[in-house]
Amino acid sequence: MNKTSATETAIKTDLHEILDIRHLTDSTFVLRIDKKDMSFTAGQHICVGPPNGIHTREYSVYSAEKDPYLEILVKEVENGLVSPVLKNLQVGGYVIVEEPVGYFGINNESCETQKHVFIASGTGISPFHSFVKSKPGLDYTLLHGVKTGNEAYEKNEYEKGRIVTCTSREGTGDFYGRVTDYLKLNRFGKGAHYYLCGNCNMIHDVYDILEEQGVSTENIHAEVYF
Amino acid sequence: MQNTSTKTIGFKTLGCRLNQFETDALASKFVKQGYKVIEDSEDADVFIVNTCTVTNASDQKSKYVVNKAVKQGHDGMLIITGCMANHHKEQLEVKYPNAYVVQNEDKSSIPDLVAAHFNKEIIPTGKMQGGVFNFEPASDTFHTRSMIKIQDGCDNFCTFCIIPRVRGRATSRKVDEILTNIKQVVAFGYKEVVLTGVNISRYNDEGVNFSQLLQKIVELPVDFRVRISSIEPDGFDEQFFQLLEHPKVTPHLHLCLQSASEKVLLHMRRMYTFKSYKSIIERIRNINPLFNITTDVIVGFPGESEKDFEDSLKAVSELNFGHVHTFKYSKRDGTRAAGMTNIVTEKEKTERSERLRKLAAENKLKFRKQFIGLIQNVLVESISEDGWAKGYGENYVPVKFKMPEAEKNTIYQIKISNIDKADIEDPILVGECI
């Protein structure tokens, strides 16, 4: 008889050492931590929190599947319980990490032949960074919605011409307006697969636009950030 | 067989079918070992409470059962197991210092714990040889249908749900074990099996997904019918829809909706949209217009506006559900939604819940009336003293018919002629054996 044990089914939690902190703006940073023996599928998220605390938050993994470390993209939330503490941690310190979960992934078999449209707001770009870095040859266009151009996190990491930074507050991006405005003006067709990650309102609006454009809900995949 | 001096084991089970399966499996094992098994704490040498923690009300009901047994003078061995034992283990051990608090992962080893107790031995926590699938096929159970556990745990992490924290990560039982289990219970005499798990649509054993498993189940060369029961509305493939037409698969699904507001579904982090849910139902009803779809709806999730709630009301009106299980949103510590603001007041939740329940009851009656004049294959669960046999048809609608000589656990073809509305919440079809 199959004896799947308690240790196999319980959610695994461990302390991981902080290897590097890369500040991208005053409030946003990439936290690189020891991977240990953890494996994940691009698009999954992990719960991360300060050591000796009870609070954790979900962060999509930012790094690639085969990178020898784990990275998460964190934006400091004012009066938050987790992100301000994470921001003040030092290299050599530790964070609590729960094992990766989630089904926000792309089909490996068709990732080079299938057209992918990634639509992110803010740090919702994180799983797409992991997709792009994990799957060479991926056919994609990434629409990144931010307020200002300095929030185009590590834009040079993406192949030129594949990322469109949409800035809503000023015109320093590739497109002055929201991702939803860009999407209304630029159709990618019914055959593409659309991946949405970011705040609830953006996802809701994009769903409506894509539906109006005749895209089947089977081709739309969403991961909500809170 | 052990020398148990005919000790009596009492059970009380709360919550889902998975708990029912696990209680049945334990009860059957105790019977095989020579114990007497009852559904109460009175006169029990051992009382086992298989708890639920999905809502605050579930916690309260579970605690009530334990307290009632203690107040009524149960002084034998007390075992508290199930999801509340996982969620509140430390508090329960403090509150009930003489009780054994056994977590889900060790539930299957409760018979060993009981045997050790009567032998005046102690099995330390952590030394129990449990396992979430280590339950033997049950021959003597509290149910007419045999529940078959195929999966445990969940990786979906819906924002309102504590279950991944108490049932753990998704894990699937081996295909061969499931098929063997079904053959065994059919050999015991069961006519219907119910596939159970926390999230069975995510079943995956070494590449065999849920549809492929179901295909193997219906191909078993034994006579039985299979009920899928509760399933999440995501990840259905073509094979799944084709299998719904198979004569062994009963036309009933409990397809959890939770809300018909796209905004609320996003905040709940459900894996589907209302539009995709609706299209699944349309497809199923194209296969069989009387396919019984039952569902769960949560009212008063944080941020649910009157308009969002009206979307759910509209869905209940439109989708012709056979039953809607209405839950008031219940904050569970440790979930994402526990930190959400924009709380709906208890008063508002109660009012919405009543509106939804009323509408759902009207629709249930409407749904069931469609069976008048049709034939149902009714699996008899009980026969009253005045000769009324009661059971469920293949569509999982309750049916009664007058037949004093009817036998339990037997399927009868019943022509439905009327509906008894004495219980307005659960009207029952009335018919005659043909």
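This is a predicted model: local features need pLDDT of at least 70, side-chain atom pairs count only at pLDDT 80 or more; totals for chains, interfaces and linings use all residues.
1. Overall form of chain B. Chain B holds 13 helices and 21 strands. Its C-alpha atoms fill a box of roughly 60 × 60 × 45 Å along the principal axes. For 434 residues, a compact globule would have a radius of gyration near 22 Å. Chain B has 22 Å, so the value agrees with that of a compact globule. Of the 434 residues, 48% are buried.

2. Length of helix 13 in chain B. Helix 13 of chain B covers residues 346-369, which is 24 residues. At 1.5 Å a residue, helix 13 should span 34 Å. The C-alpha atoms at its ends are 34 Å apart, so expectation and model agree.

3. Which residues of helix 13 of chain B are buried? They are Lys349(B), Arg352(B), Leu356(B), Ala360(B), Lys364(B), Phe367(B) and Arg368(B). An α-helix has 3.6 residues a turn, so residues three or four places apart point the same way. Keep that in mind when reading the list.

4. Partners of helix 13. What do the buried residues of helix 13 of chain B pack against? Among the strands of chain B, the partners are strand 15 (292-299), strand 16 (323-328), strand 20 (411-420) and strand 21 (428-433). Helix 12 (306-318) of chain B is also a partner.

5. A helix pair in chain B. Two packed helices are described by the angle between their axes and the distance between the axes. Helix 7 (residues 175-188) and helix 8 (residues 210-218) of chain B pack at about 35°. Their axes are 10 Å apart. Helix 7 of chain B passes helix 8 of chain B in a right-handed crossing. Helix 7 of chain B contributes Val175(B), Ile178(B), Leu179(B) and Ile182(B) to the contact. From helix 8 of chain B come Leu213(B), Lys216(B) and Ile217(B). By class, this contact has 6 nonpolar residues, 1 charged residue and no polar ones.

6. One residue in chain A. Where is His55(A) found? His55(A) sits in the loop between strand 3 (45-49) and strand 4 (57-60) of chain A. Is His55(A) buried, exposed or partly exposed? His55(A) is partly exposed, because 13 other C-beta atoms lie within 10 Å, whereas a buried residue needs 20 or more and an exposed one has 12 or fewer.

7. Neighbours of His55(A). Leaving aside residues up to four places away in sequence, His55(A) touches Gly49(A), Leu81(A) and Val82(A). His55(A) and Ile96(A) are 41 residues apart in sequence, and their C-alpha atoms are 9.4 Å apart in space.

Terms used
Residues are numbered from 1 along each chain as its sequence is written. Chains are lettered from A and ligands numbered from 1 in the order in which they are written. Helices (H or I, at least four residues) and strands (E, at least two) are DSSP runs, numbered from the N terminus. The expected span of a helix is 1.5 Å times one less than its number of residues. Two residues are in contact if their C-beta atoms, placed from the backbone, lie within 7 Å. Axes are lines fitted to C-alpha atoms, for helices over the stretch in contact, and angles run from 0 to 180 degrees between N-to-C directions. A crossing is left-handed if the near helix is turned anticlockwise from the far one by less than a right angle, and right-handed if clockwise. Ala, Val, Leu, Ile, Met, Phe, Trp, Tyr, Cys and Pro count as nonpolar, Asp, Glu, Lys and Arg as charged, and the others, Gly among them, as polar. The radius of gyration is taken over C-alpha atoms; the globule rule is 2.2 Å times the number of residues to the power 0.38.
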